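Here are my notes on the model you sent over, as numbered points. Have it open next to you while you read.

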Amino acid sequence: MEQVVNDSFKTQEYFINMGPQHPATHGVLRLILTIDGEIIKHVEPDLGYIHRSIEKMCERDSYQQIVHLTDRMDYLSSHINNEAVCLTVEKALELEVTERVKVVRTILGELTRMASHMLWWGVMGMDLGALTSYFYAFRDREMINDIFEETCGARLTMNYNIPGGLMFDIHPNFVKRTKEFITHFRTKLPEYDKLLTGNVIFQKRTKGIGVLSREKAISYGASGPVARGSGFASDVRKRHPYSAYDRVDFQQSLETAGDNLARYQVRIKEMWESMNIIEQLIDNIPEGEYQTATKAVIKLPKGEYYQRVETARGELGVYINSTGLKNPYRMKFRSPGFSNLSLLNDITVGGKIGDLVATMATIDIVVPDIDR
């Protein structure tokens with residue numbers, strides 16, 4: 001006897017929009033989802049909602065003015081973004097900054113990395129329903145923001161790096177407050193593990209979910225914790241050292257599972273390593289000038305120049321094409337968020353919508369870094 005199946009029970013694919021205004025997209029990002037029930041069949045990111053033409057604006061401005069734009073791309077790595085621009089300009093000018101500048105830039109870069117990872121950790125917990133992590137992270141992150149504010153007058157979008165050095169010297173309290181924070185955070189980071197990492201619900205939402213192989217990480221051009229969570233040793237600080245990274249001993253944080261939990265664990269490890277880097281430098285900041293003299297109007301020699309740095313999200317590349325004028329003929333940023341987002345469909349197809357939220361959290365997307 002032939003069995004009759006009611007059409008209402010047959011599966012059917014349909015489309016929904018996640019965003020562009022959605023808390024789990026972490027910005028103005030639209031995801032066009034093809035789903036079958038709760039199962040994801042395809043994810044297509046739709047970009048450009050917050051595009052501000054920063055690269056074209058840089059081509060209009062002088063090299064001293066550019067750093068007032070680049071800190072607003074990945075606003076959680078603003079100090080490192082500006083350092084990348086300054087390093088590119090200094091490379092073109094064959095300008096050697098003082099050892100004091102190199103060390104201070106490195107310390108502030110690692111404080112920036114920790115502040116970014118703290119915000120990521122708190123928000124990831126909240127994405128998965130753990131509100132407590134948000135308050136823990138922002139409690140500790142405020143100490144870093146206070147150091148930034150006292151040092152350069154800003155807490156988020158900082159313009160402390162300038163071509164040739166620093167805007168002004170570090171505050172007299174800088175060393176003391178930085179050491180106090182490290183002492184404090186060494187006792188608090190284990191609480192992060194206790195609260196989330198070992199939680200059975202958190203493990204179920206992350207382990208074996210959003211798996212990215214090492215080969216695909218390389219193929220997509222992934223970098224940062226996303227690539228290192230898949231076993232790809234891509235840390236620019238190790239491969240192409242800049243500032244004071246060639247004089248400190250630290251481990252490149254790696255995991256091999258390639259899933260959400262691996263990317264999570266890489267960032268936790270990186271916060272430990274950032275503290276180790278700072279401790280090696282904070283008592284050994286060299287004396288000397290905080291600026292190397294430059295002309296009032298900087299003009300780069302004709303040519304093409306490129307510099308890469310390791311932001312909290314991965315490899316940021318700065319390309320400048322100069323025709324010898326006071327502003328670049330062409331400026332291009334290779335942002336880590338754009339490449340990392342491109343692999344989202346590959347690692348979420350076959351999973352559920354709830355897994356998509358967790359996976360996006362472990363990619364750590366900052367939308368202005370993607371759109372620019």
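1. Of the contacts in the protein with a separation of 6 or more, 70% are between residues 24 or more positions apart; contact here means heavy atoms within 4.5 Å.

2. Ground rules, before you go on. This is a predicted model, where local features need pLDDT of at least 70 and side-chain atom pairs count only at pLDDT 80 or more, while totals for chains, interfaces and linings use all residues. Residues are numbered from 1 along each chain as its sequence is written, and side-chain values use heavy atoms, with hydrogens and water left out.

3. Overall build. I get 15 helices and eight strands, taken as DSSP runs numbered from the N terminus (H or I of at least four residues for helices, E of at least two for strands). The radius of gyration is 22 Å against 21 Å from the globule rule for 372 residues, so the protein is as compact as a globular protein of that length. That radius is taken over C-alpha atoms, and the rule is 2.2 Å times the number of residues to the power 0.38. Along the principal axes, the C-alpha atoms fill a box of roughly 90 × 50 × 35 Å.

4. Burial and surface. Some 55% of the 372 residues count as buried (buried is under 20% relative accessible area, exposed over 50%, partly exposed in between, with a 1.4 Å probe and protein chains only). The accessible surface comes to about 16000 Å², and carbon and sulfur atoms hold 53% of that; the areas are Shrake-Rupley with a 1.4 Å probe, and for residues only the protein chains shown count as cover.

5. Charges. There are 45 positive and 48 negative side chains, and the centres of the two sets lie 2 Å apart. Lys and Arg count as positive, Asp and Glu as negative, with His and the chain ends not counted; each charge is placed at NZ of Lys, CZ of Arg, CG of Asp or CD of Glu.

6. Helix 4 has 29 residues and spans 42 Å from first C-alpha to last, close to the 42 Å expected at 1.5 Å a residue (the expected span is 1.5 Å times one less than the number of residues). Since 27 of those 29 residues are buried, helix 4 is largely enclosed by the rest of the structure. Gly129 follows helix 4, with a positive phi near 100°. Helix 11 has 22 residues and reaches 32 Å, close to the 32 Å expected; with 16 of the 22 buried, helix 11 is also largely enclosed by the rest of the structure.

7. Glu310: buried or exposed? Buried, with a relative accessible area of 0%. Glu310 sits in strand 6 (residues 303–310), and beyond its neighbours within four places in sequence its contacts include Arg113, Arg228 and Arg237, as well as Asp235 and Glu315.

8. Positive phi values worth a glance. Most residues other than glycine have a negative phi. Glu94 has a positive phi of about 55°; it lies in the loop between helix 3 (78–93) and helix 4 (99–127) and is exposed at 75% relative accessibility. Ser243 has phi near 50°, but this residue is buried at 13%, in the loop between helix 10 (236–239) and helix 11 (260–281).

9. Finally, Glu150. This residue is in helix 5 (residues 131–152) and is partly exposed at 26% relative accessibility. Leaving aside neighbours within four places in sequence, Glu150 is in contact with His171, Asn173 and Arg177.
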